[in-house]
Structures are given as C-alpha cells and as structure tokens.
Amino acid sequence: MSEYAKARELGEQAREREWTRPSFAKQLFLGDFRLDLVYPAPTLPDQAAKRGEEFVRAVRRFLDGHVDPALIERTAAVPDEVVKGLAALGAFGITISEEYGGLGLPYLYYCRTLMLVGSYCPALATLLSAHQSIGVPQPLKLFGTEEQKREFLPRCARGEISAFLLTEPDVGSDPARLSTTAVRDGDDYVLDGVKLWTTNGVVADLLVVMARTGEKISAFVVEADSPGITVNRRNAFMGLRGIENGVTEFSQVRVPAKNLIGREGQGLKIALTTLNTGRLSLPATCAGNAKWSVKIAREWGNARVQWGRKIGAHEAVATKIAFIAATAYALEAVSDLTSRMADDQRNDIRMEAALAKLYASELSYRASDELVQIRGGRGFETAESLVARGERGVPAEQMLRDSRINRIFEGSSEIMRLLITREAVDAHLTAAGELINPEASAKERARALRRAGRFYARWLPTLVAGSGNLPTSYGEFGPLAHHLRFVERTSRKLARSTFYGMSRWQGGLEHRQSFLGRLVDIGAELFAMTAACVKAEEDARDLGRRPYELADTFCRQARRRVDSLFDTLWDNSDSQDVRLAKYVLDGRYTFLEEGILDPSIEGPWIGVPQGRESVRRKIL
C-alpha cells in the first residue's frame, strides 16, 4: 500500500462515519435546502442567556481596565497578572460544567467572549481558545472517564493552562507520518518524540499529546512538568507575538495508563471530533476582527479628506467599506448560528463548523487587508510609530498580521476544503463507492451498481425544481426572500455539479482538488448567505430595516462570488497549472531565479533544536 493510501485509510478510519443527527450543510451539498434546520435559530433559556451576558460584560470591564494590548504586542508576552485576572473571572472554564468547577456557559457566549477578546488582543484570544477548544477540557468532555474529568477539569477551570500537541517537525496535516511513540510499560506508557508549534506549550500545566501506540494513534493527558519533558524553544511569528508557542521534546516520559483518553488507537478520532466544536472559536475571533475593522473604516472614512471630500465618499473607498461592513455582519451571523447549533445539539455540525472556520478565516483576512488599504501609508505603519509622531495608534497592520494564521490554524484552508468535500460526497460514496474503487471485485461492483441505480433514481429528479423556482417562497424574509430562493436553486446546481464531477473523473475526483475546492467555496457562500438572512430576520425585530440592508448587500456580493466560482468550475487552467508546477519543481525554469539573492539563513528545511535548556515557565 502506498504512503498516500495509508494516510487516506488512517483518516477514513478516524472520521465519524455515522450521521445520527441531521445536518443543514450536508443536505445543502445534496441539493436539499433544509431551512427548517436553522430557522428559527435555536434559542437559549433566559437564565443561561442572562449569565452569559453578565460574563461578557465582566470580561469587557477587565479588558478595558487591566489589559494593554500594545504592551503585549511590544513585549511579545501576556503578563502573568492578566492570566491570573482572567482565571479569577472563570475565563479558563467558560464551557466546563459547574459540576467540575467551570462556568458552564453556552457555546454562544464562549464565542461572543472570544469575539470581544479577539477584537482587542488576538494573542489573548488564542491563549483562551487553545486552552478550551483543543486543549484538555474539550477531549475530556467528549471522551474522558469520570475519574479523568474530576481530576483534570477543575484544574483547567481554575486557570491551569492546557495545550494540544499533535504537529511534529515532519508532520502537519498528515498524521500517518506521526513518529512520537507511547510504549506500554506496566501501569505506565513511555513517551518519546518531538512536537512542534505547541500553542500554550511554553506555559502549560497540562498537555494533550497524540502519540503512536503500535500502528495506531492514541491520546494522553500529560503533566507538563513530568521528568523528561523539555520545551526546547519558544517560537516567534509574524503575528500573534504574545502567544506562548514552543517546541516540546519527550524523552522517556512516563505517563500513567489511566491518563489514556478513550481507547488505544482512538487518538486521531478524538482529535478530529474535538475540532468539530473546537473550530467554533476561530469564526468568533475572525468576526471580532472584522467588526473592529468596520469601526476603524467608518471613523477614518469620515476623518480623512482628500480632493475636497471625505475619503469614504469616494466610490473606490466606499466599495471597500461596504465589503468590510457586509462581511462583518455575515461572519457574526455564521459564528452565532454555528454556536447556537452546538448548544442545541439537535444537529450534527461537523460540516457547519468546518465551513465556518474556512469561510471566516478567508473573508476576515480580506477585510483586514482592505482596511490597511483604506488607511494607506498609515495602515502599513505600526501603532507604536503612529503614536510616537502624534497620531492615533491604530494597529491595522498588526491585525492583518495576526489574522493571517487563521487560514492555517486547526487545518489550513486547503485541508479544510478536502475534509468538507469528503463529508459532502459521503452519500455518493455510500451509494456508488465500489464503482470507482479500482480494487473492488466484479461481484462488489455489481452490487454497487444496483445500489447506485436505486439511489440516483430517487435523488436526481429532486434536483430539477424546488421552492427556489417559486416567486412567493420564503416570503417571511421580506426583501431577503429572493436571496434564499437563490440559495435553494444554487444548492441544487451545486449538487448537480458534484454529480457531473464524479461521473467525469470517478475515482480520480479526489485528486481534482481545485475543482473540489470551488464546490466547497460555493457551499460556504450559500451557508453564509443563509446565516446572514436568518440573523437579519431576527435582528430586524429590534433594529428595523438596518439588518436587512447589511444582509442584502452581503448576499449580493456573495452571489457574484458564487457566479464566478461556477464560471471557473469547468473553464479554468487547472491542468496547465499542475503541469507548470511540475516543471517548476523539476527545475525547468531555474533561469527565473537568476538576478536575485536569497536572504534565507542556512539550515535544514526540517529540523529539531538540539541540546537546549528548557524554556518552559509557569505562570506565577
């Protein structure tokens, strides 16, 4: 079996295969626009909402009175006093149940907290989200024993920081290459290996570590001060300068067998399942960044005058402001809807969470980039430099740098598209998978042919017409109804396109990653349009027509992006691009590299720091 086949098989074994609850996004990709699954949006009990609002207000007061984001950027560190202050508020146990010492708040208010913190200090939001979304609390909530929950969750809720350790110097999105090992020795496992980019790892008290137990991967809770653990260095990045991210080495580290999370071999499934809800933190921080961009664009657009007019009145700038504002509204809508669905627990949100992460990280970065453009030279200048020469210290360039990692964090955009695609075509693979499997026997193919015939005989006719063709459909959404009709019609077109792609390339479809990526991007736009319309319909009860205006403009912008994606679905340069890339890699065009000097510092492409003292520190 090839290395690619092994990696694919490992991923397939780890993914959740059953769909025991409905999924709006899954049905959307099948051409079935199930608006009833998201509208009306799930609501929270009054008491839970009241507690959540009070907590967000408390965090806002703390940030305003005790956190200096400019200091964190300048010193590249979050002061211990800030960490302890947040811990006293309960900010490290927002979603941990009260039974285990946490606040037990809904995901909606966890995300609104991160939206607030992320707008003010993205590094601080990363500290909180890495601890709760992918650190010890989430996998233990889902897979931990009662003994583990009672031992570790109260510590996490009190402010003992946790980190998630999966990535290695030679392992990114391909866990089949994982080399860290955990060997059973009596009542312990012995861990050896190196983990890279351990967010919170420099200051963590508890670690979730993925390690190979034989041929499979398992997950462990590890005390960060265990003998044999060395934090070799603290990494530095283009953005998020305040995060405590390091390289962690394990040498004969003994971990009690009782600290195994779930069963042996369940580690990758634990990681992927944890991320289903863990990914909700990123759309929230992205929404916060975009909403801040609206504020700065509005104020600067009114304050700056060029050629006798406020710059915001010039069409070239006005279109950018409109994009930022409409995008911010949609990103908040996507974050709110997915977190409400997570609280409601009636839907399987694995695809919605992935779409939200993908979409928010891409669009918020574009919004940040447009803000820098609107600010001109001041957008490129640091806040500290602006203040030093007597102007308002707007950290536009910092927010752009900080937001860039969101397109890589917790699954790069390219990997997210592949993960979403796998779920989107699940029904097709269930019905006809053996037909495109080159290793299937003639008997298996015959059975698959009969099964596929029954599935497509029922499914294909549903893609011909639907409620989107009726001019009176979705009338309760008023001026937004025509956008929802577009979503319904386009979901069927998306499903037909997926079927055409499978028919054309069959087993080779999985290698048509650009084609699949466009399908996913279309689905993400349709999901965001739906979320924006649902939010606007709810907000209009208190705010009148203003939410409709934002949602309408966003949907018009999104529809143009969808049309463009469909245009390039079949008319593109993908094959030529792949061929050219191969030539580049083969060295055919090295003459292009003449006339330059490479400022890179010499060293191996992939390496591990050796013989260094531990830089781990404890929050005091």
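Good morning. Because the model is predicted, local features need pLDDT of at least 70 and side-chain atom pairs count only at pLDDT 80 or more, while totals for chains, interfaces and linings use all residues. Residues are numbered from 1 along each chain as its sequence is written, and side-chain values use heavy atoms, with hydrogens and water left out.

I begin with the helices. Helices (H or I, at least four residues) and strands (E, at least two) are DSSP runs, numbered from the N terminus. Axes are lines fitted to C-alpha atoms, for helices over the stretch in contact, and angles run from 0 to 180 degrees between N-to-C directions.

Please look at helix α11, residues 281–303, and helix α13, residues 350–375: their axes come within 9 Å and cross at roughly 20°. Angles under 35 degrees count as roughly parallel, over 145 as roughly antiparallel, 65 to 115 as roughly perpendicular and the rest as oblique. α11 and α13 are therefore roughly parallel to each other. Their crossing is left-handed, a term used if the near helix is turned anticlockwise from the far one by less than a right angle, with right-handed used if clockwise.

Contact means heavy atoms within 4.5 Å. On the α11 side, the contact includes Cys286, Trp292, Ile296 and Trp300, and on the α13 side it includes Ala360, Ser364, Leu371 and Arg375. By class, this contact of α11 with α13 has 12 nonpolar, five polar and two charged residues. Here Ala, Val, Leu, Ile, Met, Phe, Trp, Tyr, Cys and Pro count as nonpolar, Asp, Glu, Lys and Arg as charged, and the others, Gly among them, as polar.

Helix α13 also meets helix α21, residues 513–543; the axes of these two come within 10 Å and cross at roughly 95°. α13 and α21 are therefore roughly perpendicular to each other. Glu352, Leu355, Leu358 and Tyr359 in α13 meet residues of α21 that include Val520, Asp521 and Phe527. The contact of α13 with α21 has seven nonpolar, no polar and three charged residues.

Which angle does helix α12 make with α21? Helix α12, residues 315–344, packs against α21 at about 90°, with the axes 8 Å apart. That makes α12 roughly perpendicular to α21. Among the residues making the contact are Tyr329, Glu332 and Arg340 of α12, and Phe527, Lys535 and Asp539 of α21. By class, the contact of α12 with α21 divides into 10 nonpolar, one polar and six charged residues.

I turn to the cysteines. A disulfide is a covalent bond between the sulfur atoms of two cysteines. The rule applied here is a pair of cysteine sulfur atoms within 2.5 Å. How many disulfides does this rule give? The count comes to zero. Cys286 is in no disulfide either, and its nearest cysteine sulfur, that of Cys111, is 11 Å away. Buried means under 20% relative accessible area, exposed over 50%, and partly exposed in between, with a 1.4 Å probe and protein chains only. Cys121 is buried, at 4%, and Cys286 is buried too, at 1%.

Two individual residues follow. His483 is found in helix α20, residues 481–505, and counts as buried at 0% relative accessibility. Leaving aside neighbours within four places in sequence, His483 is in contact with Met529, Cys533, Asp552, Cys555, Arg556 and Arg559. Leu103 is found in the loop between α5 (80–89) and α6 (107–120). Not counting residues up to four places away in sequence, Leu103 touches several residues, including Arg51, Phe55, Leu89 and Glu98.

Finally, the backbone. Most residues other than glycine have a negative phi, and most peptide bonds are trans. Where are the exceptions in this model? A cis peptide bond joins Tyr39 and Pro40, with omega about -5°; Pro40 lies in the loop between α2 (24–29) and α3 (46–66). Asn200 has a positive phi of about 75° and is placed in the loop between β3 (188–199) and β4 (206–213). Leu240 has a positive phi of about 50°, in the loop between β6 (229–234) and β7 (245–256). Asn200 is buried, with a relative accessible area of 1%, and Leu240 is buried at 5%. Thank you.
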